[in-house]
Amino acid sequence: MRILVVEDDASLNAQLKSALEEAGYVVDAATDGEDGHFLGDTEPYDCVVLDIGLPVMDGISVLQRWRDDGRVMPVLILTARDRWSDKVSGIDAGADDYVTKPFHVEEVLARVRALIRRAAGHASSEIRCGPLTIDTKSSKAMVDGATLKLTSHEFRLLSYLGHHLGEVISRTELVEHLYDQDFDRDSNTIEVFVGRLRKKLGHDLIETVRGLGYRMTAPDETSEKAG
């Protein structure tokens, strides 16, 4: 899952970026509204953490432009303002949730997880696919109750497929959501990670859709599609 943090306070920006990365996300960061708007307008993000009080272009304007341009990624706004009208303005501009400063980073992480789940149509922090359980809160995956030993990239790939159960996800989309903007992207690495995951899962959960990409389905569902 790929996150954008737009916050002009350098210390808070770094703190949020570090916490999100430790939670298993790939994170890009911007410190003003203009750069933040550009990234959100040109890169695919699963969620955005957006401060309202930004230099160059304020957060409300950034958000309104994204929504006017058809950008639908979940947006969590940060505001130091206590007036209810500012929160209403953010929600009316297209925000999905808000956190008022000062806040605990754990609250931001919880709200980000919830927004990503809701956007993918999942109500619980646990995503299940046959014998597989992906715990988005603890960033762990289990098969038949046994915890899998996964690298960060393997978990990100598994989690992304899990959030989009039954959907065909292209290699390009996976690359865009697994790596930050500065990473030397190579779709061939996706095949390597998929191969490793299949061995560790021990079940036929990740289906290759020839010429299109990959799809995660429970074994019985895969059999039905094949039949």
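Is the crossing of helices H1 and H5 left-handed or right-handed? The points below take up this crossing, and then the cavity and the pocket.

1. This is a predicted model, in which local features need pLDDT of at least 70 and side-chain atom pairs count only at pLDDT 80 or more, while totals for chains, interfaces and linings use all residues. Residues are numbered from 1 along each chain as its sequence is written, and side-chain values use heavy atoms, with hydrogens and water left out.

2. The crossing of H1 and H5 is right-handed, a term used when the near helix is turned clockwise from the far one by less than a right angle, anticlockwise being left-handed. Helices here are DSSP runs (H or I, at least four residues), numbered from the N terminus. The axes of H1 (residues 10-22) and H5 come within 10 Å and cross at roughly 55°, where axes are lines fitted to C-alpha atoms over the stretch in contact and angles run from 0 to 180 degrees between N-to-C directions. H1 and H5 are therefore oblique to each other, oblique being what remains once angles under 35 degrees (roughly parallel), over 145 (roughly antiparallel) and 65 to 115 (roughly perpendicular) are set aside.

3. In this contact (heavy atoms within 4.5 Å), H1 contributes Gln 15, Leu 16, Ala 19 and Leu 20, and H5 contributes Val 105, Val 108 and Leu 109. These residues divide into six nonpolar, one polar and no charged, where Ala, Val, Leu, Ile, Met, Phe, Trp, Tyr, Cys and Pro count as nonpolar, Asp, Glu, Lys and Arg as charged, and the others, Gly among them, as polar.

4. On a 1 Å grid over the protein atoms alone, a cavity is a set of points where a 1.4 Å probe fits but cannot get out, a pocket is an open set with protein on both sides within 12 Å along at least five of seven lines, and lining residues have an atom within 4 Å of a point. There is one cavity of 30 Å³ or more, and the largest cavity holds about 140 Å³ of space, a volume being the space filled by probe spheres set on grid points joined across faces, edges and corners. Its lining has 13 residues, with Met 1, Tyr 25, Thr 136, Phe 155 and Ser 159 nearest the centre, and H6 gives the most to this lining, with four residues.

5. The largest pocket has a volume of about 340 Å³. It is lined by 18 residues, of which Tyr 45, Asp 46, Val 72, Met 73 and His 177 are the closest to its centre.

Technical notes. Helices (H or I, at least four residues) and strands (E, at least two) are DSSP runs, numbered from the N terminus.
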